[in-house]
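Me: Please take a close look at the side chains here, one by one where that helps. Keep it brisk, and give the cut-offs with the terms.

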Amino acid sequence: MGPSGHQPILTLRLKHIRDGLEDYEYLRLLAELGDAAFARTAARKLARTGWDINADAGEWEAVREEVTTRLRKRWAESEYAKRPDRQTPQSTP
């Protein structure tokens, strides 16, 4: 089945793990840029506890959009953006 040899297999589980790691890094960076309260509030909208997680994909996308918008604003105002060796973080695909 498929080409011979070892090939990576895309799975939903790996996609969700990657998305979770990206979400964590965005929230961590937002907190580092001085907006920890907003980052905590955004995270709590989606995961109130370790077992109480919002299953609405639309809500996840809306919160990710809010976080990305806020992160871009904070980044533009930060000292990092003023350094010549730094670039603006890219939005998620």
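Reply: Start with Arg 40, which counts as exposed because its relative accessibility is 55%. Buried means under 20% relative accessible area, exposed means over 50%, and partly exposed lies in between, with a 1.4 Å probe and protein chains only. The model is predicted, so local features need pLDDT of at least 70 and side-chain atom pairs count only at pLDDT 80 or more, while totals for chains, interfaces and linings use all residues. Numbering runs from 1 along each chain as its sequence is written, and side-chain values use heavy atoms, without hydrogens or water.

Arg 40 sits in helix α2. Helices are DSSP runs of H or I with at least four residues, strands are runs of E with at least two, and both are numbered from the N terminus. The C-alpha atom of Arg 40 lies 7.9 Å from that of Leu 27, and the two residues are 13 apart along the chain.

Next, the nonpolar interior. A nonpolar core is a set of buried Ala, Val, Leu, Ile, Met, Phe, Trp, Tyr and Cys residues joined through side-chain atoms within 4.5 Å. The largest one has 12 residues, among them Tyr 26, Phe 38, Val 63 and Trp 75. Helices α1, α2 (36–46) and α3 each supply at least two of its residues. In soluble globular proteins, nonpolar side chains tend to be buried together. Val 63 is in contact (heavy atoms within 4.5 Å) with Ala 42, Lys 45 and Leu 46, leaving aside neighbours within four places in sequence.

The loop between α2 and α3 holds Asn 54. Asn 54 is buried, because its relative accessible area is 18%. Not counting residues up to four places away in sequence, Asn 54 touches Lys 45, Leu 46, Arg 48, Glu 59 and Trp 60. Its side chain also reaches the backbone nitrogen of Asp 56 at 2.7 Å.

Now the charged pairs. A salt bridge is a side-chain nitrogen of Lys or Arg within 4 Å of a carboxyl oxygen of Asp or Glu. By that rule there are 12. Side chains of opposite charge can pair when their charged atoms come close.

Arg 18 bridges to Glu 22, with the closest N and O atoms 3.8 Å apart. Both lie in helix α1 (residues 12–32), four residues apart, about one turn of the helix. Arg 18 is partly exposed at 44% relative accessibility, and Glu 22 is partly exposed at 30%. These two also belong to a network of salt bridges that links them with Lys 15 and Asp 19.

Arg 48, listed above beside Asn 54, forms a salt bridge with Asp 52 at 3.1 Å, N to O. Asp 52 counts as partly exposed at 31%, as does Arg 48 at 38%.

In helix α3 (residues 57–77), Glu 61 and Arg 64 are three residues apart, about one turn. Their side chains meet in a salt bridge at 3.3 Å, N to O. Glu 61 is partly exposed, with a relative accessible area of 48%.

Last, back to α1. Leu 21 lies in this helix and is exposed, with a relative accessible area of 54%. Leu 14, Ile 17 and Leu 21 form a nonpolar surface patch with about 300 Å² of accessible area together. Patches take residues with over 30% relative accessible area and no salt bridge; nonpolar side chains (Val, Leu, Ile, Met, Phe, Trp, Tyr) are joined within 5 Å, like charges within 9 Å. Accessible areas come from the Shrake-Rupley method with a 1.4 Å probe, and for residues only the protein chains shown count as cover.

Conventions: A polar contact is a pair of N or O atoms within 3.5 Å; within protein, one must be able to donate a hydrogen and the other to accept it, and residues adjacent in sequence count only if both atoms are side-chain atoms.
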